[in-house]
Amino acid sequence: MELKLLNEQGQAASTLQASDVLFGREYNEALVHQVVTAYAANARSGNRKQKGRSEIAKSTRKPFRQKGTGNARAGMASSPLWRGGGKIFPNTPDENFSQKVNRKMYRAGVAAILSQLAREDRLAIVESFSVEAPKTRLLSQKLKGMGLDSVLVITDEMDENLFLSSRNLHQVLVLEVNEADPVSLVRFPKVLVTKGALAKMEEAWQ
């Protein structure tokens, strides 16, 4: 699989031969959906809390007599049917939202995403990607010069200047190879991968 190698102006200077295992896989929509959903679900903390009827601080006295009022019979104001009452099936802090995905499935899903990005011309390779100083303005100007607005940058080693420069740019995310995740890959319209990161990716997938 041939990938575009971009220069400092964001133009395709040449092409680079990449592994077909990573960038030549057919797109499996069902697998990609499962991998992305599982990754997002595993990131949930599950710490939400709601009160059941036994936890509501209301009197247990019968609100009104059983018969003769014309109202539906009621036993206590903490009933889930009443406003301010407890929930019937309350959310608890110990809920587990995790989903298990086998390593082979996860790798196949990520490879399918990378292959589709390459086919849609949303993935490109750069020799290196860095800024001279930890300034957001420098990184913003660099991306503007390359014609990029919203981009995911995958590097072989996190550069401190690059990390600090990208923190205030909400449409820019810089990750190391081992931190690249399927949600980030499908979220950004453009993905830049350094040559060092590409070598590490291919080595890990062998």
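Ser166 touches Leu139, Val172 and Val174, once its neighbours within four places in sequence are set aside. The model is predicted. Ser166 sits in helix α5, which covers residues 160–166. Is Ser166 buried or exposed? Its relative accessible area is 7%. Because buried means under 20%, Ser166 counts as buried.

Now turn to the aromatic rings. How many aromatic pairs are there? The count is 1. The partners are Phe64 and Trp82. Their centres lie 6.4 Å apart, and the angle between the planes is 25°. The pair is stacked, because planes under 30 degrees apart fall in that class.

Where do the two partners sit? Phe64 is in the loop between α2 (29–42) and α3 (103–119). Trp82 is in the loop between α2 and α3 as well. The two residues are 18 residues apart, and the pair links distant parts of the chain.

Next comes the accessibility of each partner. Phe64 has 22% relative accessibility, so it counts as partly exposed. Trp82 has 34% relative accessibility, and it too counts as partly exposed. Both values fall in the class between buried, under 20%, and exposed, over 50%.

Charged side chains also meet rings. Which residue lies over the face of Phe97? Arg44 does, at 3.7 Å from the ring centre. A second case involves Phe129. Here Lys142 lies over the ring face, at 5.3 Å from the ring centre.

Technical notes
Residues are numbered from 1 along each chain as its sequence is written. This is a predicted model: local features need pLDDT of at least 70, side-chain atom pairs count only at pLDDT 80 or more; totals for chains, interfaces and linings use all residues. Side-chain values use heavy atoms; hydrogens and water are left out. Rings of Phe, Tyr and Trp (its six-membered ring) pair if their centres lie within 6.5 Å; planes under 30 degrees apart count as stacked, over 60 as edge-to-face and the rest as tilted. Helices (H or I, at least four residues) and strands (E, at least two) are DSSP runs, numbered from the N terminus. Buried means under 20% relative accessible area, exposed over 50%, partly exposed in between (1.4 Å probe, protein chains only). A charge sits over a ring if NZ of Lys or CZ of Arg is within 6 Å of the ring centre and within 35 degrees of the ring normal. Contact means heavy atoms within 4.5 Å.
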